[in-house]
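Hi,

Here is the structure I promised to pass on. Have a look at it first, and my notes follow below.

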Amino acid sequence: MIVNGQYNIGHICTTLQCERGLGEKTAMRWIAPAEDPVAYSFRDLDSQSNRFANVLASLGAGRGDILFIFLPKCPPLFLAFLGALKRQLVCGTLFANFGEDAIRDRLGDSRAALVLTKRSLLKKIERIRSQLPHLRRILLVDVEEDLCADVLSFPALMRGASSSFSTPRTSPRTPSVLHYTSGSTGKPKGVLHVHESLSMMAATCREVMGLGAQDVFWCTADQGWVTGTSYGIMGPWSLGVTQVHYGGKYDPRRWYEIIEKEKVSVWYSAPTALRMLMREESPLAAGCDLSSLKRIFSVGEPLNPEVIRWAKRELKKDIFDTWFQTETGAIMIANRPGTEIRPGSMGRAVGGIEPAILSDQGDPIPDGAPGNLCLRTGFASMFETYLNNPGTYRQKFVGEFYFTGDTAIRDADGYFWFKGRSDDVINTAGHLLSPFEIESTLLEMEEIAESAVIGAPDGTLFEKVVAFVLLHPQYLPSRELEVRIRLHVANRLSPIATPQELMFVDRVPKNNSGKIMRRVLKARYLGADEGDLSTLEDG
Ligand code: AMP
């Protein structure tokens with residue numbers, strides 16, 4: 001795949017595919033919610049991403065500058081992503097439902113120079129613009145004329161740009177993609193990837209998903225998340241595979257219809273969506289023909305054995321669980337066709353990857369016992385660093401091993417079984433949320449004196465957000481305040497971070513050094529043993 005030392009992801013996913021003779025092949029079937037599908041060939045992707053690379057050049061943006069794409073799924077998102085990589089910018093993505101705090105933290109920390117967005121989302125950026133001194137230009141995909149000197153029309157710029165672009169030779173470790181991920185303390189961390197990471201995405205598309213020239217692939221993940229870029233853009237296109245992209249929301253009937261009409265053969269989704277489908281009417285009962293579908297893959301949260309059994313019974317398909325995370329850029333552990341699936345297990349290591357279960361000190365833990373899920377470093381899709389945060393980056397390693405933050409068990413046959421997180425990070429419907437970030441956002445409200453946030457088990461979302469709130473003495477709990485608190489979190493962070501349960505309390509447990517004891521809160525909430533309380537602060 002690497003020709004003449006050219007590692008550039010944008011080039012490999014488009015120009016190289018045309019050079020391989022796939023120029024007229026459909027790269028993307030774009031399906032807007034209420035419109036007919038539109039086909040984009042690999043040549044379309046190539047020429048449109050070239051145009052965007054030239055637009056960036058005309059704006060003086062180049063190697064190492066950071067562009068963020070802040071859009072729901074839409075064709076410009078894909079074209080701009082590839083064009084920015086061709087021009088050697090670093091390309092970040094943001095969920096379109098992010099609120100102002102979430103956007104400010106990411107654009108501010110990365111010192112992003114450019115944002116591609118749409119008119120209805122512009123106001124969120126405008127409100128924080130004064131706090132973003134490095135942001136030079138905002139490009140809007142749905143205005144035909146520039147709004148002012150630094151809020152520009154993407155269509156107008158594209159029309160004026162040439163469709164030929166010669167991608168500069170790009171070395172393997174040139175920075176490529178930036179995704180922010182949450183930790184249990186501090187602000188989100190910018191996980192920086194490099195162009196060479198593509199080789200691991202391509203290898204896993206082949207080895208795990210068995211993707212080939214005839215396949216039609218559908219990855220439902222949002223491009224704000226690593227799965228949406230690694231497997232919703234880069235991996236499949238680097239192999240010349242046709243992808244379906246649907247711009248609408250979760251809708252079981254529509255989803256089954258897309259699989260049927262587009263003849264999707266390989267489908268990559270997440271446990272929350274699969275659990276929701278399981279609770280709907282059977283697709284077969286609804287008269288849908290899913291015979292094109294060969295394989296279903298899942299990622300992001302534990303996949304319940306119950307869902308695997310449902311798919312086998314109702315869809316007549318296996319679901320193969322896969323494990324990876326923002327930092328690893330590509331699938332590391334997976335169940336795959338042709339090998340035994342052990343329901344409840346994430347599967348075994350993919351080729352070239354060496355996971356290990358280690359103690360906190362880095363010593364091996366025997367098979368069958370839980371410990372830290374670690375990975376031997378040295379694979380191509382390993383992240384380069386946490387942007388502006390080398391200290392946290394270094395803390396993730398002991399010797400040759402990277403600590404993923406997950407705990408797991410390895411059985412004697414090399415299958416890995418997810419146990420949980422070794423930190424307080426909450427996984428709700430596959431989105432990692434930082435309790436610290438939500439607590440800080442709650443504290444922005446003048447009524448709230450203290451707050452603590454935990455993740456609690458949920459039958460659909462895997463975990464739900466539960467918030468404990470202590471009010472200043474002059475305020476009283478009320479339904480109205482509860483609603484305002486929820487709205488505040490939704491607007492400032494994201495609707496996904498909004499507490500599903502909110503409890504007014506008269507004390508938040510803290511240890512002697514003032515750290516919130518989420519473990520104690522969680523145990524109390526679940527009615528479980530609270531464990532060692534010796535460090536609990538009095539009163
Ligand atoms: P992210 O970096 O947002 O993609 O989240 C990665 C985290 O999601 C992992 O560290 C796990 O905690 C969780 N995760 C991903 N895939 C799985 C899986 N197959 N089973 C259980 N947890 C998973």
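Arg129 counts as buried because its relative accessibility is 16% (buried is under 20% relative accessible area, exposed over 50%, partly exposed in between, with a 1.4 Å probe and protein chains only). This is a predicted model, in which local features need pLDDT of at least 70 and side-chain atom pairs count only at pLDDT 80 or more, while totals for chains, interfaces and linings use all residues. Residues are numbered from 1 along each chain as its sequence is written, and side-chain values use heavy atoms, with hydrogens and water left out.

Arg129 sits in the loop that runs between helix H6 (119-126) and strand S6 (137-140) (helices, H or I, of at least four residues and strands, E, of at least two are DSSP runs, numbered from the N terminus). Its side chain makes a polar contact with the side chain of Asp150 at 3.1 Å, and a polar atom of that Arg129 side chain lies 3.2 Å from the backbone oxygen of Leu135. A polar contact here is a pair of N or O atoms within 3.5 Å; within protein, one must be able to donate a hydrogen and the other to accept it, and residues adjacent in sequence count only if both atoms are side-chain atoms.

S10 (residues 216-219) and S11 (residues 242-246) pair in the parallel sense over three bridges, and Phe217 has Gln243 in S11 as its bridge partner.

Best wishes

Terms used: Two strands pair if DSSP finds at least two bridges between them.
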